[in-house]
Amino acid sequence: MIKQKKYLFLNHLWDKESGLSGMLVLLFIMHFILIPIFGSYSSFMVIINVFWMLFLIAGIISLSKSRKHTLLFIIILLLFVLFRWLSVFIQTPFVHLGDIVFTVLTFALLIYLVLLKVFEPGPITEYRVIGSIVVYMILANLWSVIYLFIYEHIPGAFQITLPPFESNTLQANFLYFSYITITTTGYGDIFPLHPAARALVQIEAIIGVLYPVILIGRLVSDANENKSKKKQEQSTDIN
């Protein structure tokens, strides 16, 4: 009974559709409060990364369809941790490449697990719409990591002026730039100059335009249809 309760507590955000709203709150706090304000504290960021690792493991345990999938996902996470740790002490192109590759794969894994939850069998609810917004925010986070990698390894790839605030780290600035790009706002305070950087900015902008229209819009319409059907069924039952 104790193990079962612990398992349910660990997987609460993944087992229930309402957990998607909890994910949205967590991402909102991390992206708009913790990283902008406390991003300069490396120890604090380590704690955040550990939390998301445990969160991902819970999702893998809860949603993996087979042992092979579970093993593959766990290997990706372990390699992500390994290369992230090595990149702190060993500054070689191979280590940096492995770090960005497995970081992208880890983000892709998180997006995959959330989409599994969004598109699982059953009626479309508002929680699934929230889940699609969670994916949108994770995409912005993923692109910010890629931008930061390009900035650090291709000199002059971006033209950026860091604000005179201690809390403003490169991670916070590129997360800000990623949100500005994916929402196609474009304030113009950070410029992509390298062809690879410009190509990625264009891809993110296209995703930022099409994703809400195709996926989020469709889920909202389906959720509204389900609500109207329920109201009609309730009215016919009363009559």
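Guide: The expected span of a helix is 1.5 Å times one less than its number of residues. Helices here are DSSP runs (H or I, at least four residues), numbered from the N terminus. This is a predicted model, in which local features need pLDDT of at least 70 and side-chain atom pairs count only at pLDDT 80 or more, while totals for chains, interfaces and linings use all residues. Residues are numbered from 1 along each chain as its sequence is written, and side-chain values use heavy atoms, with hydrogens and water left out.

Helix α5 covers residues 67-89. Its 23 residues should span 33 Å, and the end C-alpha atoms are 33 Å apart, so the two values agree.

Phe73, Ile76, Leu77, Phe80, Phe83, Leu86 and Ser87 of α5 are buried (under 20% relative accessible area; exposed is over 50%, partly exposed in between; 1.4 Å probe, protein chains only). An α-helix has 3.6 residues a turn, so residues three or four places apart point the same way. The buried residues of α5 pack against α4 (42-63) and α6 (93-118), where contact means heavy atoms within 4.5 Å.

A salt bridge (a side-chain nitrogen of Lys or Arg within 4 Å of a carboxyl oxygen of Asp or Glu) joins Arg84 to Asp99, with the closest N and O atoms 3.2 Å apart. This pair links distant parts of the chain, Arg84 lying in α5 and Asp99 in α6, 15 residues apart. Arg84 is partly exposed, at 34% relative accessible area, whereas Asp99 is buried, at 12%.

The structure holds 2 salt bridges. Glu120 and Lys117 also form one, at 3.6 Å from N to O.

Key
Helices (H or I, at least four residues) and strands (E, at least two) are DSSP runs, numbered from the N terminus.
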